[in-house]
Amino acid sequence: AHTELNLRERRAIEDMLYTKVPVSRIAAEIGRHRSTIYRESKRNSFSDEELPYLDGYYGINAQRYAAARRTRRRKLIRLPELREAVIDRLKEGWSPEQIAGRLGFEGQPIRISHETIYAHVYSREGQSAALARYLPSRRKKRKPRYARRPRGLVFPPDRSIHGRPEYVKTRETFGEWEGDLMIFEKAQGKMNVASLVERKTRFAMLFRNNDRSSTQFMNRLMDVMVSLPQPARRSITFDRGLEFREWRKLQPGIGTVAWFCDPQAPWQKGSVENLNKRARRYLPRDTQLAALSNPKMKAICDRLNGTPRKCLGWRTPTEAFREEMKKLR
């Protein structure tokens, strides 16, 4: 666990720096990482322009600087009214970002960042008050920093559905798909079924995944779609589920472009949502996926694709799909 340096350690650092002991050896002596020592000596050193010969690292001073910094950082310990206001809003179900943003919007004299609220929730005081249960994610421990990648980088703005060409939206062109995952009861473990539908012909493909890992999902998807000619697989629109975060493999792999719906906007890929609803008649949530053979899965697809559809002028998706494929020859 992360623990701050104490006065005894700071005095030991002072003595060793004074006698020019290398940083890596200081780190080994006090059982810390060398970057901790570098950071400490840089951040908590004393300097005075008028008395430059006194510049340097002093353990007692360093302890004082660190304590002052910690006090500044811990507004929610020092300011009971602010703390109560934050906790009340957490209990209302607001996220730390919403709380911090609203305090700014209301022009409160004391501002606070969402990071400060998170730090308080996961501090000793916050944990003894069990504040984490009020967070939207209800995580008892905070994820490590590297695991908190903002979704914006995973799904960049230039891949947004709002940048998708109009002809995809109007279903004029063939080869524009929508993709999703059908999730099943916990008893089925990580198994799921991927659903794909071609927007113009409503032609559906279903395949089983044994895992929810994005790498495996994208590899399976490419295996399934590579049998189609290139113009029959121009693009796929997904939602922002992390199962689709390896989307960058698609274009170099099979020449297919990826688009993404807005967060929490599944209706923007309505064709695949509709397909999922129809497929659930044959694949309810308690389906034993491990026992679902490939011929059985193909039979479900054939049934879905062999049902006449009003939106296709009562043709079946299979008939519409074959007509489009003929035009490609």
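I began with strand E2, where both faces are covered: Asn 192, Ala 194, Leu 196 and Glu 198 are buried on one side, and Val 193, Ser 195 and Val 197 on the other. Buried means under 20% relative accessible area, with a 1.4 Å probe and protein chains only. In a regular strand the side chains alternate between the two faces of the sheet. Strands here (E, at least two residues) and helices (H or I, at least four) are DSSP runs, numbered from the N terminus.

I noted that this is a predicted model: local features need pLDDT of at least 70, side-chain atom pairs count only at pLDDT 80 or more, and totals for chains, interfaces and linings use all residues. Residues are numbered from 1 along each chain as its sequence is written, and side-chain values use heavy atoms, without hydrogens and water.

Next I looked up the partners of E2. Two strands pair if DSSP finds at least two bridges between them. Strand E1 (residues 176-183) runs antiparallel to E2, joined by 7 bridges. Gly 179 stands opposite Leu 196. Strand E3 (residues 204-209) also pairs with E2 in the antiparallel sense, over 6 bridges. Val 197 faces Ala 204 there. In this hairpin 5 residues sit between the strands, and Arg 202 takes a positive phi near 60 degrees.

E1 and E4 (residues 235-238) run parallel, with 3 bridges. Glu 178 has Thr 237 in E4 as its bridge partner.

Methods. Buried < 20%, exposed > 50% of the residue type's maximum accessible area, 1.4 Å probe, protein only.
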